[in-house]
Amino acid sequence: MTNRGKQRDGTRRNGTPKTYTRLAHPLVRDEKGGPLRRASWEEALDRAAAGFRAARGAFGMFSCARATNEMNYVAQKFARVVMGTNDVDSCNRTCHAPSVAGLSAVFGSGGGTSSYEEIEHTDVIVMWGSNARFAHPIFFQHVLKGIHNGARMYAVDPRRTSTAEWAESWLGLDVGTDIPLAHAIGREIIHAGLYNRAFVERATSGFEEYRALVEPWTLTAASKVTGVPAAAIRELAHAYARAERAQLCWTLGITEHHNGTDNVRALINLALLTGHVGRYGSGVQPLRGQNNVQGGGDMGAIPNRLPGFQDILDAGVREKFESFWGVGIQPRYGRTLTEMFEAMESGELRAVYCIGENPAQSEADSGQAMERLARLDCLVVQDIFLTRTAEFADVVLPATAAWCETEGTTTNSERRVQRVRKAVRPPGEAREDIDIMCDLARRLGHEEWKYADAEAVWNELRALSPDHWGMTYERLEEHQGIQWPCPDLERIEPSFLHGRLWEADPGRRGRLAPFGIVRHDPPVDLTDEEYPIRLTTGRRLDSYNTGVQSGSFASPLRRGEYVELCPEDAERYGVAVGQRVRVSSRRGSVVAPVWVDPALRPGLAFMTMHFPDEVDTNQLTIEANCPIAGTAEFKASAIRIEKLAGTSAEPSTEPSTERVDA
Ligand SMILES: Nc1nc2c(c(=O)[nH]1)N[C@H]1C(S)=C(S)[C@@H](COP(=O)(O)OP(=O)(O)OC[C@H]3O[C@@H](n4cnc5c(=O)[nH]c(N)nc54)[C@H](O)[C@@H]3O)O[C@H]1N2
Ligand SMILES: Nc1nc2c(c(=O)[nH]1)N[C@H]1C(S)=C(S)[C@@H](COP(=O)(O)OP(=O)(O)OC[C@H]3O[C@@H](n4cnc5c(=O)[nH]c(N)nc54)[C@H](O)[C@@H]3O)O[C@H]1N2
Ligand SMILES: [Mo]
């Protein structure tokens, strides 16, 4: 491979922002390590099909969370029907898989329980580990309306983020101490007699065990572990429990930990304790990441569910799909994205079809991830840009951009399915993801693979997924989007889920919601004398994920990658804004300029994932991951910072808080 060996030090192109080329023609590589060259569609598809055929039984699929529901339906069908495997997954694994796992364990389904509109009509909003002002700006407009209507907002984040600026109170906890904080809030609510006894008795199970679990977490004990003042914990507990309606929202500050699912369960416990779920204005909301990551999972592009979020282990469900698709479905869960990377290491996975993902730069410990990609017999990358991952590919297939060059639907974080449309002609010979997959399927012996259009795919999905049955394209248009579940062609269901929990005998109608018995477990990558600083990573308003889609535009907001420190730490290390330092973790090392941000606290540094071609942050992160969900601990690594000899601060750059008024 051309790039192997250079990866361990992420300084390769430091300082020179990369412009990505839009893919317009298929490319193939004649030999490993050689260059990519232009090829015809015929040749590229033949090569891809041959590679997949040779690796039958050792094939994995990465599906695209930015593409449509229809595309994701076809992708998982390709894995299951054409390649006979459940090894299909997407970036949901690096992201909100713990939310899906936690919500399904409690409520039986993995979606957020409320609608965006409800946040405008609630009394208390808790933003926990979420910087929605930057990462969910549309949702945040609803939050601002809620605040305008009188709601009080609380922000729980180690950094005083732009979101926290709008909050009544900011709880600046230490990274990885969310469970002690949640347990202390729970204990305070119980001790103050503020829990919803009727709801707990009627709709939940395991309360006594939960009460015993949280009992040691007094305000003082939690304050010591989390760094949050006892009075602030108490205030949040009382505000949340006393509210008539309350919304608890979380994102990656909760999920991207080695115990992400436990974190999610600890937060859901608070909603169960107070009854803040299953009613208009009250609910729990994981604000999902990519535009269609909710839909990708709903469509079955995950290893444990068939379309409609139906469990693969359910024989009745399997039978339905088997008779519809005319093939047997393996009666076991497939590998997650994380497990697929491990299987590349052992040689059990030898071919990967990577559609609209850039794992060479988005996986934790990316140096290791790239070594594994380089080891594959066959890597086919289907993308709209020539990504870093494509640099390891044997075949690169140019796709159309789902959001403006194809027809279909996507599903947002409030479970709303909406139409997307083709408005722009794709460049060169680029083809739609679905057409490319069908062409490959036909080459692999499935002559019948052909869809007239996206609507034909959707109608096939509707026939198999009761939750989507009522959503014809016509109705989606008429209602400007419909939320699932929508099992009926006439009716529209309420905007929130789990209203049954409030019915007289919910236990008889379905499951009780169990409290999560979860314990504090600090981050895996411990800070010590050698690596004394806690690094957390995340996002900025102006850039998107690995920067492939946002890297090529010029903007005064876009200032490239920095390692951000608080003023006290900058002084302690004797570094100033613009000065280049070496940042090292137990896995790798990069060079980055310093930024000073008073939103941080001593001992805490922040970097983004947006500019990996300048500074490859994921060389530093740890792949330790949640055993239930497989999500890596992107939010907690241990690092050290060293001044580079002969460098000094660039003059004239003012320390900035980077915050923008909404
Ligand atoms: N502008 C922009 N928007 C985006 C994206 C983007 O790249 N750019 N990406 C999209 C995607 S894929 C996703 S998943 C979402 C992510 O959206 P968010 O999850 O809101 O984004 P992050 O900045 O990754 O992390 C959120 C916060 O977690 C905090 N945090 C870190 N460690 C901890 C901890 O231990 N406890 C708590 N309570 N908080 C902690 C960080 O300080 C950070 O402010 O954004 C989506 N929207
Ligand atoms: N350090 C650190 N690392 C992280 C995170 C973090 O917080 N910190 N967050 C993690 C999270 S939450 C996520 S979601 C992942 C994201 O990880 P990835 O999904 O791997 O990264 P993206 O940059 O979003 O890559 C999306 C790719 O899809 C392509 N694409 C867009 N539209 C289409 C389409 O219609 N068709 C096709 N075929 N391709 C398309 C784009 O060109 C791009 O190459 O990163 C994870 N990595
Ligand atoms: Mo994400």
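Trainee: What makes the meeting of the Glu345 and Arg375 side chains a salt bridge?

Mentor: Keep in mind that this is a predicted model. Here the N to O distance between Glu345 and Arg375 is 3.1 Å. In general, side chains of opposite charge can pair when their charged atoms come close.

Trainee: How many salt bridges does the structure hold?

Mentor: There are 40 of them.

Trainee: Why do we say that the Glu345 and Arg375 pair ties parts together?

Mentor: Glu345 sits in helix α15, while Arg375 is in the loop between α17 (366-374) and β14, so the bridge links parts 30 residues apart in sequence.

Trainee: On to the ligands. Which residues are closest to ligand 2?

Mentor: Asn358, Asp383, Ala402, Thr546 and Asn618 are the closest, in a shell of 35 residues. Both α16 (359-362) and β14 (378-383) supply at least two residues of that shell. Sorted by class, the shell has 14 nonpolar, 14 polar and 7 charged residues.

Trainee: What makes the pairing of Thr546 with ligand 2 a polar contact?

Mentor: A polar side-chain atom of Thr546 is 2.5 Å from an oxygen atom of ligand 2. The cut-off is 3.5 Å between N or O atoms, so this pair counts. Asp383 also uses a polar side-chain atom, at 2.6 Å from an oxygen atom of the ligand. With Asn358 the polar atom belongs to the backbone, and its distance to an oxygen atom of ligand 2 is 2.7 Å.

Trainee: How much of ligand 2 does the protein cover?

Mentor: On its own, ligand 2 has 930 Å² of accessible area, and the protein covers 99% of it.

Trainee: And which backbone atom is 2.6 Å from a nitrogen atom of ligand 1?

Mentor: That one is a polar backbone atom of Ser543. Leu252 has a backbone N or O atom 3.0 Å from an oxygen atom of ligand 1. Phe134 has a backbone N or O atom 3.2 Å from a nitrogen atom of ligand 1. With the cut-off at 3.5 Å, Phe134 therefore qualifies too. Alone, ligand 1 exposes 920 Å², and the protein buries 97% of that. Two or more residues of its shell come from each of α4 (132-135), α11 (252-255) and β20 (533-538).

Trainee: How many residues surround ligand 1?

Mentor: It has 33 around it, and Ala135, Asp157, Thr251, Arg539 and Ser543 are the closest. By class they divide into 11 nonpolar, 16 polar and 6 charged.

Trainee: Which residues lie nearest the centre of the second largest pocket?

Mentor: Arg93, Ala101, Asn304, Ile628 and Ala629, out of 30 lining residues. The pocket contains about 460 Å³ of space. Its lining divides into 13 nonpolar, 12 polar and 5 charged residues.

Trainee: Last one, the backbone. What makes the peptide bond from Trp484 to Pro485 cis?

Mentor: Its omega is near 0 degrees. Pro485 is in the loop between β18 (482-483) and α22 (506-509).

Trainee: And what is the phi of Asp365 near?

Mentor: It is near 50 degrees, a positive value in a residue other than glycine. Asp365 lies in the loop between α16 and α17. Most residues other than glycine have a negative phi, and most peptide bonds are trans.

Key: Residues are numbered from 1 along each chain as its sequence is written. Chains are lettered from A and ligands numbered from 1 in the order in which they are written. This is a predicted model: local features need pLDDT of at least 70, side-chain atom pairs count only at pLDDT 80 or more; totals for chains, interfaces and linings use all residues. Side-chain values use heavy atoms; hydrogens and water are left out. On a 1 Å grid over the protein atoms alone, a cavity is a set of points where a 1.4 Å probe fits but cannot get out, and a pocket is an open set with protein on both sides within 12 Å along at least five of seven lines; lining residues have an atom within 4 Å of a point. Grid points are joined across faces, edges and corners, and a volume is the space filled by probe spheres set on the points. Ala, Val, Leu, Ile, Met, Phe, Trp, Tyr, Cys and Pro count as nonpolar, Asp, Glu, Lys and Arg as charged, and the others, Gly among them, as polar. A residue is near a molecule or strand if one of its heavy atoms lies within 4 Å of it. A polar contact is a pair of N or O atoms within 3.5 Å; within protein, one must be able to donate a hydrogen and the other to accept it, and residues adjacent in sequence count only if both atoms are side-chain atoms. Accessible areas come from the Shrake-Rupley method with a 1.4 Å probe; for residues, only the protein chains shown count as cover. Helices (H or I, at least four residues) and strands (E, at least two) are DSSP runs, numbered from the N terminus. A salt bridge is a side-chain nitrogen of Lys or Arg within 4 Å of a carboxyl oxygen of Asp or Glu.
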